[in-house]
Amino acid sequence: SEPNPQDAIKAILAAFDKYEVVGMGAAHGNQDLDDFILKLVRDPGLPGRINDIAVECGNSLYQPILDRYIAGDDVQLEDVRPVWRNTTQPMCSVSAFYEELFPLVRRINQRLPPQKKFRMLACDPPIDWSKGKGQSDLRSMMMRDPNIASVMEKEVLAKHRKALVLCGVAHLYHQRSAPMLPKSAVEMYEERYPGVTLVIADHTGFGSYSPLEKYNDEFESRMAAWPIPSLVQDMA
């Protein structure tokens with residue numbers, strides 16, 4: 001039988017009682033996770049729990065037309081597609097997940113009262129691709145975490161709103177794996193808003209690329225009877 005995700009969804013909804021932001025990876029090659037996120041967005045318990053859905057795959061240059069589209073104004077799908085197709089990340093332009101997500105949120109909003117409607121936030125740098133780009137421009141475009149952090153600070157945290165954030169997990173780390181690596185978006189905005197973010201990362205194995213990897217099968221065998229999906233809190 002098909003696994004029932006409702007217990008995991010209830011846990012995420014409850015997390016917004018404690019956290020302003022819940023971050024999850026999306027459109028990074030895990031179809032099960034993408035399907036779960038779409039079920040979460042469709043869940044009738046989400047409206048009223050959050051205000052915003054912030055996405056990595058969204059050129060913030062187009063935030064005004066995105067706002068109009070998501071609010072249900074007379075904006076055609078082909079007119080809003082540049083939001084997720086004209087970004088710094090090629091995977092965004094071919095993502096079936098985002099092609100489904102944006103129209104889904106618009107349809108949900110059409111059934112909701114004004115105080116419960118979602119806003120979608122585009123977090124990629126505001127780049128006009130119709131203008132020529134030099135090498136220095138391309139380097140600055142790759143610094144995406146500062147823009148994600150800026151959007152979250154200005155549009156969510158400073159306004160005392162709550163958000164579901166859909167970004168690659170590397171943008172959501174609370175702590176860098178090595179001191180020389182640049183700060184993640186969460187590290188940046190939590191300097192001013194500490195402890196506001198719960199990060200949910202999909203399981204991809206134990207001890208990958210380390211000496212602990214040889215124990216992966218043993219550890220995963222203990223998970224065989226768990227419901228799918230299951231959420232486990234890291235107490236470290």
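A nonpolar core is a set of buried Ala, Val, Leu, Ile, Met, Phe, Trp, Tyr and Cys residues joined through side-chain atoms within 4.5 Å, where buried means under 20% relative accessible area with a 1.4 Å probe and protein chains only. The model described here is predicted, with local features needing pLDDT of at least 70 and side-chain atom pairs counting only at pLDDT 80 or more, while totals for chains, interfaces and linings use all residues. Residues are numbered from 1 along each chain as its sequence is written, and side-chain values use heavy atoms, without hydrogens and water.

The largest nonpolar core has 44 residues, and Met 24, Tyr 98, Leu 101 and Leu 166 have the most contacts inside it. Helix H7 (residues 96–110) gives the largest share of this core, seven residues; helices (H or I, at least four residues) and strands (E, at least two) are DSSP runs, numbered from the N terminus. A second, separate core of 18 residues includes Ala 54, Val 156, Leu 172 and Tyr 189.

The strands form an open sheet of five, in the order S3-S2-S4-S1-S5, with parallel pairing; two strands pair if DSSP finds at least two bridges between them. Strand S3 (119–124) and strand S5 (197–200) each have a single partner strand, so one side of each is left without a neighbour in the sheet. Four bridges join strand S2 (residues 52–59) to strand S4 (residues 163–166), and Asp 52 has Ala 163 in S4 as its bridge partner.

In helix H2 (residues 31–42), the buried residues include Leu 33, Phe 36, Leu 40 and Val 41.

Technical notes
Buried < 20%, exposed > 50% of the residue type's maximum accessible area, 1.4 Å probe, protein only. Expected span 1.5 Å × (residues − 1).
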